[in-house]
Amino acid sequence: MGVTVWVNGELVDGGQASLTALDHGLTVGDGGFETCKVVDGVVFGRTRHLRRLERTLEGLGLTGFDADHLDKGVEAVLAAGGPMPLGRLRWTVTGGVGPLGSDRSDTPLTYVVGLVPASPLPSHAHVATVPWTRNERAATAGLKTTSYAENVIALARAKSQGADEAIFLNTRGELCEGTGSNVFVVRDGVVLTPPLESGCLAGITRAVTIEWCREAGLEVREETLPADAMETSDEAFLTNTMRDVQPIATVDGRALATQTPVTDQAAAIFATRSAERMDP
C-alpha cells in the first residue's frame, strides 16, 4: 500500500512491530486520532485537525500532549512519502503503556503518524441506515477516539448491503451522522445539518462547508432532523476529509433525486475555497 509510518520519533517499517503489546490504545482503545487529506504534499485543515485532536485528548483526560513532537512526525512522513498528488494522513495519540484494564499508568503518550497514497472517491455516495444508535450523552460523544469498533461493525453491514457508508440515528431517533462523515440535507434551497448536540462529530469539512457556503450566500442551518430526512428532502450529501462534499445517490437502496443543484453549488464552493485556503 506504500504506507509511510513514524512512531515516537522514528520512521519505521509499517509491517513490523513498533508498539508495546501493553499500549493502552491497543488494549482498551484509549486514544484519539485525526485523518487528513494531503494534496501535493500539503495537509488540508492542518490547524483545525490539531485543535480537534487536542479537544479529544482533553475530553479523554489524557495529559502531556506535545504538539511540536507530533508535528515532527507529520513532516517526517510527508518528506519520506515523496511526491503524492493525493494522500491520506493519519495521526494517532494514545495513553501509552498501561495496565490490562481501564486504569491508566503515569507513562508518556504514544505518537503514531501514517501516510498512504489515496485515489479520488466516486462522485456519489450510497448509504445504508443501521439499527444501532449514537449515544449523544456518552462520555465520548463528539470525541474522535480510537474506540472505533461500532463504526467497523456498522460500515461492514452497510457494505454488505451494497452501500459505502452507514448512517446512525441517535438515541432520540434523530438523524445523526455516518461512521466517518457528516450528513446534510437540502429543503427548499436551505442547507440543513444535525447540530453538535445530536451527538455527531464536529467534522472539519462540515465546519468549513458551513462557513464557506454561508459566505457565498447559501442559507445553512444546524437543526434537529428526523430519521427520514434524507429521503424526504430535496437533496442530501455527505462531508468528510476525503469525500469533500459528496451527493448521496441512494439510501437503503432507494434512489434520491438525480438533480442536486444546491449540493453541486456547495461542492463547487468547497472546491474553489479549499484550493485557495488549505489551512482555513
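Select Arg46, Asp71 and Glu75 first: a network of salt bridges links these three. A salt bridge here is a side-chain nitrogen of Lys or Arg within 4 Å of a carboxyl oxygen of Asp or Glu. This is a predicted model, so local features need pLDDT of at least 70 and side-chain atom pairs count only at pLDDT 80 or more, while totals for chains, interfaces and linings use all residues. Residues are numbered from 1 along each chain as its sequence is written, and side-chain values use heavy atoms, with hydrogens and water left out.

Helices (H or I, at least four residues) and strands (E, at least two) are DSSP runs, numbered from the N terminus. Glu75 is partly exposed, at a relative accessible area of 39%. For that scale, buried means under 20% relative accessible area, exposed means over 50%, and partly exposed is in between (1.4 Å probe, protein chains only).

Now show the two helices as cartoons. How do α2 and α3 pack? Helix α2 (residues 46-60) and helix α3 (residues 67-81) meet at an angle of about 135°, and their axes are 12 Å apart. The axes are lines fitted to C-alpha atoms, for helices over the stretch in contact, and the angles run from 0 to 180 degrees between N-to-C directions. The two helices are therefore oblique to each other. On this scale, under 35 degrees is roughly parallel, over 145 roughly antiparallel, 65 to 115 roughly perpendicular, and the rest oblique. The crossing of α2 past α3 is right-handed, a label used if the near helix is turned clockwise from the far one by less than a right angle, with anticlockwise giving left-handed.

The axes of α2 and α5 come within 10 Å and cross at roughly 125°. That makes this pair oblique as well, and α2 passes α5 in a right-handed crossing.

Before you leave α2, pick Arg51 and Glu54. They form a salt bridge with the closest N and O atoms 2.7 Å apart. Because they are 3 residues apart in helix α2, about one helical turn separates them. Arg51 is partly exposed at 36% relative accessible area, and Glu54 is partly exposed at 27%.

How many salt bridges does the structure hold? There are 17. Another one to select is Asp30 with Arg104, whose side chains meet at 2.7 Å, N to O. Asp30 lies in the loop between α1 (24-27) and β3, and Arg104 in the loop between β5 and β6, so the pair ties together parts that are 74 residues apart in sequence. Is Asp30 buried or exposed? Asp30 counts as buried at 9% relative accessibility, whereas Arg104 counts as partly exposed at 39%.

Stay in the loop between β5 (86-94) and β6 (110-117), and click on Leu100. Leu100 counts as exposed, with 75% relative accessibility.

Next, a quick backbone check. Asp40, in the loop between β3 (31-39) and β4 (42-43), has a positive phi near 50° without being a glycine. Asp40 is exposed, at 61% relative accessible area. Then jump to Asp244 in strand β14 (residues 244-251), where phi is also positive, about 55°, in a residue that is not a glycine. Asp244 is partly exposed at 23%.

Finish with two C-alpha distances. Val152 sits in helix α4 (residues 149-160) and counts as exposed at 55% relative accessibility. Draw a line from Val152 to Thr179: they are 27 residues apart in sequence and 8.0 Å apart in space. Last, select Asp234 in the loop between α6 (229-232) and β13 (235-240), partly exposed at 42%. Its C-alpha is 9.7 Å from that of Val190, 44 residues away along the chain.
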